[in-house]
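Reader: Please put the model up, and then I will ask about it piece by piece.

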Amino acid sequence: MAGDRAKPCELDQEKYDADDNVKIICLGDSAVGKSKLMERFLMDGFQPRQLSTHALTLYKHTATVDGKTVLVDFWDTAGQERFQSMHASYYHKAHACIMVFDVQRKITYKNLSTWYAELREFRPEIPCIVVANKIDADIKMTQKSFSFARKFSLPLYFVSAADGTNVVKLFSDAIRLAVSYKQNSRDFMDEVLQELESISLEQKEEDMLGKEPRGHVESPSPS
Ligand SMILES: Nc1nc2c(ncn2[C@@H]2O[C@H](COP(=O)(O)OP(=O)(O)OP(=O)(O)O)[C@@H](O)[C@H]2O)c(=O)[nH]1
Ligand SMILES: [Mg+2]
């Protein structure tokens, strides 16, 4: 159910290898509105209370992309963890990233480069969307050119979790990007991991096959 705290069994990331499962992570400083954006998209609501995310929260969503059902896990954690550096498993197997800043706080825009560097360390090629949130508080900000997105050729969305502007578009596009990344993955690490998995599978098969005939040969023939 949406908003459920992550239970250990749900953190089994093997499921993201299945075709119909995608993982989308959310990055950005504390209080930029990551959790509020999720709330707006998944529940079409907004509670203006100040509640920082402490641990990991998984939001589950079912989407339809090109007629196919896709199970989406949105991963949300506290932005203040930046100072301790995010745990590697947060990035593990992620298929897309939503990276948020607050148009009212310049520092959150400046910090995007730190977030982006960390993201690329773990996931060099997943699609990443830059999100300018809270435009309801200062609509003039939509006229500003934010060079960070241009510099890295990333899409930039102006949104508001408070009034819902562009929120559905943002999440629908993120899901599409995640699915298409997964289908056409050119991520070097993914390729290496897949190759290693198939080698170890082949090895297991060979071992199994190798054992069977030996058993037959060694069994005493009835005389
Ligand atoms: N005006 C306005 N306020 C917003 C908007 N989105 C979020 N806020 C406010 O910003 C504050 C922080 O929002 P959160 O969603 O908790 O921020 P967060 O990024 O999840 O923060 P951490 O969990 O600490 O990392 C809350 O008080 C929200 O009410 C928005 O679009 N417009
Ligand atoms: Mg939060």
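Reader: How far does α6 reach from its first C-alpha to its last?
Author: This is a predicted model: local features need pLDDT of at least 70, side-chain atom pairs count only at pLDDT 80 or more, and totals for chains, interfaces and linings use all residues. Residues are numbered from 1 along each chain as its sequence is written, while chains are lettered from A and ligands numbered from 1 in the order in which they are written. Helices (H or I, at least four residues) and strands (E, at least two) are DSSP runs, numbered from the N terminus. With 17 residues, α6 is expected to span 24 Å at 1.5 Å a residue (1.5 Å times one less than the number of residues), and its reach is close to that, at 25 Å.

Reader: Which residues of α6 are buried?
Author: A residue is buried if 20 or more other C-beta atoms, placed from the backbone, lie within 10 Å of its own, exposed if 12 or fewer do, and partly exposed in between. In α6, the residues that count as buried are Val-167, Leu-170, Phe-171, Ala-174, Ile-175, Leu-177, Ala-178, Val-179, Tyr-181 and Lys-182.

Reader: In what order do the elements of the protein chain run?
Author: There are seven helices and six strands in the protein chain. Read from the N terminus on, they give β-α-β-β-α-β-α-α-β-α-β-α-α.

Reader: What does the twist of the sheet average from one strand to the next?
Author: The sheet is open and mixed, with its six strands in the order β2-β3-β1-β4-β5-β6, where a pair needs at least two DSSP bridges between its strands. β2 (57-65) and β6 (156-158) are the edge strands, each pairing on one side only. From one strand to the next, the twist averages 25 degrees.

Reader: Which residue of β4 stands opposite Ile-24?
Author: β1 (residues 21-27) runs parallel to β3 (residues 68-76), with five bridges between them; there, Val-22 stands opposite Val-72. β1 is also parallel to β4, joined by four bridges. On that side, the residue opposite Ile-24 is Ala-96.

Reader: What angle does the direction of α6 make with that of β1?
Author: Angles run from 0 to 180 degrees between N-to-C directions of lines fitted to C-alpha atoms, for helices over the stretch in contact; contact means C-beta atoms, placed from the backbone, within 7 Å. Helix α1 (residues 34-43) lies across β1, β2, β3, β4 (96-102) and β5 (128-133), at about 155 degrees to β3. Helix α6 (residues 167-183) also packs on the sheet and touches β1, β2, β3, β4, β5 and β6. Its direction and that of β1 make an angle of about 125 degrees.

Reader: How many residues of β5 are buried?
Author: In a regular strand the side chains alternate between the two faces of the sheet. In β5, Cys-128, Val-130 and Ala-132 are buried on one side, and Ile-129, Val-131 and Asn-133 on the other. The strand is largely enclosed by the rest of the structure, because its buried residues number six of the six.

Reader: Which residue of β6 is the bridge partner of Ala-132?
Author: On one side, six bridges join β5 to the parallel strand β4; Met-99 stands opposite Val-130, and Phe-101 opposite Ala-132. Three bridges join β5 to β6, again in parallel. Across that pairing, the partner of Ala-132 is Phe-158.

Reader: Is Arg-123 buried or exposed?
Author: Arg-123 sits in the loop between α4 (112-122) and β5. Leaving aside neighbours within four places in sequence, Arg-123 is in contact with Tyr-91 and Ala-94. His-95 is 28 residues away in sequence, and its C-alpha is 8.6 Å from that of Arg-123. Arg-123 has 22 C-beta neighbours inside 10 Å and therefore counts as buried.

Reader: Which residues around ligand 1 come nearest?
Author: The shell around ligand 1 holds 23 residues, a residue being near if its C-beta atom, placed from the backbone, lies within 6 Å. Eight are nonpolar, 11 polar and four charged, with Ala, Val, Leu, Ile, Met, Phe, Trp, Tyr, Cys and Pro counted as nonpolar, Asp, Glu, Lys and Arg as charged, and the others, Gly among them, as polar. The element that gives the most to the shell is α1, with three residues. The nearest are Gly-33, Ser-35, Ser-52, Thr-53 and Gly-79.

Note on methods. Two residues are in contact if their C-beta atoms, placed from the backbone, lie within 7 Å.
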